[in-house]
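I opened this entry to keep track of what I looked up, one topic at a time.

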Amino acid sequence: MLKIIHAADLHLDSPFAGLSPEQAALRREELRSLPDRLADLANEEQADLVLLAGDLLDGQRIYRETADMLARALGRIRAKVFIAPGNHDPYNATSPYALPIWPDNVHIFTSPLPEAVHLPELNCTVYGAAFTGEQRDDSPLSQFSAAGDLLNLMVLHGNTQGRDYAPIASAEIAASGLDYLALGHIHQHSGLQKSGSTFWAYPGCPEGRGFDELGDKGVLILNAEKGSVQMRFHPLSLRRYQIIDVELTGCSDPLAAITAALPGQTRSDLYRIRLIGEFPMDAQTMTALETALTPLFYALDLRDHTRTPRDLWARSEEDSLTGLFLRTMAARCWEAPEDEVLDLAVRFGLAALENGEDVSP
């Protein structure tokens, strides 16, 4: 039985454009530490193979020091390492993968057609293919079939969920003759899947980079033999992106409601908090909430999705500018109750009136 580390989609040198310049710089440094954390894990687990399924780099134009750092970290791994370049880091004559920096234990697949590396000492064959451009519309598994009685493994960057970026059909996986297919491209952990007699999985990205990559991120540790694959997910991320909704209907203290909804430890993580329900939110309250909450997180994105409380419409009968304004807006809001622009117009209008002179017309 072989022990395998399967990782993908490191996206080193990602810009982290949604953060402040200081936070983005720190996140890039934390991302650059991923290869060393991966190397430490592979050596601690005494892995026989490390399969890296593409997009290790966020683009072909990266800092040379990042490529050197990646090569040094992979060279520390005491196992064979196989890389299948992806759409963000395709192999070509000018890519970092063509530099003479890669250690002897690292094999980089360079052809769009599957290549085989036989490892008789491990009683297995590792297949792989590369993106050679930023797009690929054909399947690297088309017409492919693994041969021999060895443990047949493959590492690929490909898409089982669409028609672009090397689309791979379940039927192709089932017909491949592979024992395990290590995939990259989808940034969510897929769990262990099976098509025919072939096991396959996406590990997801090992560090989240935005609010579309939530929760724990990491790599897969596999024990594989002919006809059997066992898998466990190993978290490797230093920080997590999280989204929570906080209901404010009937709430008198929004700050208390938000803090009560938080888990115990948030300071290292990045949170998007969406305020929902009926609540008379205004800019002053939002500013006060952001000021109080921001120190609790590495980064905070506070969003107001609340609705104007229905009981405010009762004031439309007032003989005042506020009443006139609400009577004017009521018909439009009832015609389009889900129109967020109208809801905002009501809020801003009320805020202007309540903070100014509201006199009888």
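**Cores.** I began with the largest nonpolar core of this predicted model. It has 40 residues, and Ile5, Leu52, Leu74, Ile83 and Trp102 touch the most other members. I listed the contacts of Trp102, leaving aside neighbours within four places in sequence, and found Ala67, Leu70, Ala71, Leu74, Pro96, Tyr97 and Ile108. Another core lies apart from the one that holds Trp102. I noted 25 residues for this other core, including Leu2, Ala53, Phe82 and Leu222.

I traced an open sheet of 6 strands and wrote down the order β4-β3-β2-β1-β11-β12, with mixed pairing. Which strands stand at the edges? They are β4 (106-108) and β12 (228-235); each has a single partner strand, so one side of each is left without a neighbour in the sheet. From one strand to the next I have an average twist of 20 degrees.

I followed β11 (residues 218-225) to its antiparallel partner β12 and recorded 8 bridges between the two. One of the pairs I looked up is Asn223, whose bridge partner in β12 is Gln230. I next asked what α2 (residues 34-44) touches as it packs on the sheet. The answer is β1 (2-7), β2 (49-52), β11 and β12. The direction of α2 makes about 165 degrees with that of β1.

**Hairpin.** I found β5 (residues 115-119) and β6 (residues 124-128) paired in the antiparallel sense over 5 bridges. Glu115 has Gly128 in β6 as its bridge partner. The hairpin has 4 residues between the strands, and I noted a positive phi near 60 degrees at Asn123.

**Ser95.** I located Ser95 in the loop between β3 and β4. Is Ser95 buried or exposed? Its relative accessibility is 2%, so I count Ser95 as buried, the cut-off being under 20%. Leaving aside neighbours within four places in sequence, Ser95 is in contact with Gln60 and Pro90.

**Confidence.** Over residues 357-361 the pLDDT is below 50. This stretch still has 12 contacts in the model beyond near neighbours in sequence.

Key:
Residues are numbered from 1 along each chain as its sequence is written. This is a predicted model: local features need pLDDT of at least 70, side-chain atom pairs count only at pLDDT 80 or more; totals for chains, interfaces and linings use all residues. Side-chain values use heavy atoms; hydrogens and water are left out. Two strands pair if DSSP finds at least two bridges between them. Axes are lines fitted to C-alpha atoms, for helices over the stretch in contact, and angles run from 0 to 180 degrees between N-to-C directions. Contact means heavy atoms within 4.5 Å. A nonpolar core is a set of buried Ala, Val, Leu, Ile, Met, Phe, Trp, Tyr and Cys residues joined through side-chain atoms within 4.5 Å. Buried means under 20% relative accessible area, exposed over 50%, partly exposed in between (1.4 Å probe, protein chains only). pLDDT is the predictor's confidence in each residue, from 0 to 100.
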